[in-house]
Amino acid sequence: MDFDRDTSAGYLANLLARQFARHLEAALRPHGLALGAFPALLHLWERDGLTQKDLVDRLGIEQPTMAATLSRMERDGLVTRARDETDARVQRIRLTLRGRALQAVATAEAQALNARALAPLSPQDRDRLLATLKTVIQALS
């Protein structure tokens, strides 16, 4: 049986994800924001003070990858790490003023990219696509 890229959900999803990443990276770079920080920032903008483990669990990435990402984010002045007041074994990740200030511009860039990508679809097709993507993601989780 031959493998057909045009009918492979995995291949097409990967291609789409790489295209989104390339365009979002280009949009975020002028604001001094690296693409790798964006997913963690999305969660911290929702709930500042998460732990590294919280972020690992929410993003579904490996602990060493998250540690390296947080080190770069700290270096770039986006977050600080501080011991939890009630449990010294836990470090809380807190947004800096710069990290908070980037929320509006970064999410606007992401929304603009999503709008551009989905523009050829009718509202019904957009809703159906998003629901289908969520279903597939859930099936693989």
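Contact here means heavy atoms within 4.5 Å. In this predicted model, 46% of the contacts between residues at least 6 apart in sequence join residues at least 24 apart. The protein has 6 helices and 2 strands, and its elements run α-α-α-α-β-β-α-α from the N terminus on.

**Overall dimensions and burial**

- The C-alpha atoms fill a box of roughly 55 × 35 × 25 Å along the principal axes.
- Of the 141 residues in the protein, 24% are buried.

**The nonpolar core**

- In soluble globular proteins, nonpolar side chains tend to be buried together.
- The largest nonpolar core holds 23 residues, of which Leu33, Phe38, Leu41, Leu44, Met73 and Leu78 touch the most other members.
- At least two residues of this core come from each of α1 (9–28), α2, α3, α4 (63–75), β2 (91–95) and α5 (97–118).
- Helix α2 gives the most to the core, with 5 residues.
- Beyond its neighbours within four places in sequence, Met73 is in contact with Ala37, Ala40, Leu41, Leu44, Leu78 and Val79.

**The packing of α2 and α3**

- The axes of α2 (residues 38–46) and α3 (residues 52–59) come within 10 Å and cross at roughly 115°.
- Angles of 65 to 115 degrees count as roughly perpendicular, and α2 is therefore roughly perpendicular to α3.
- The crossing of these two helices, α2 and α3, is right-handed.
- Pro39, Ala40, His43 and Leu44 of α2 make the contact with Leu55, Arg58 and Leu59 of α3.
- The residues of this contact comprise 5 nonpolar, 1 polar and 1 charged.

How values were computed:
Residues are numbered from 1 along each chain as its sequence is written. This is a predicted model: local features need pLDDT of at least 70, side-chain atom pairs count only at pLDDT 80 or more; totals for chains, interfaces and linings use all residues. Side-chain values use heavy atoms; hydrogens and water are left out. Axes are lines fitted to C-alpha atoms, for helices over the stretch in contact, and angles run from 0 to 180 degrees between N-to-C directions. Helices (H or I, at least four residues) and strands (E, at least two) are DSSP runs, numbered from the N terminus. Angles under 35 degrees count as roughly parallel, over 145 as roughly antiparallel, 65 to 115 as roughly perpendicular and the rest as oblique. A crossing is left-handed if the near helix is turned anticlockwise from the far one by less than a right angle, and right-handed if clockwise. Ala, Val, Leu, Ile, Met, Phe, Trp, Tyr, Cys and Pro count as nonpolar, Asp, Glu, Lys and Arg as charged, and the others, Gly among them, as polar. A nonpolar core is a set of buried Ala, Val, Leu, Ile, Met, Phe, Trp, Tyr and Cys residues joined through side-chain atoms within 4.5 Å. Buried means under 20% relative accessible area, exposed over 50%, partly exposed in between (1.4 Å probe, protein chains only).
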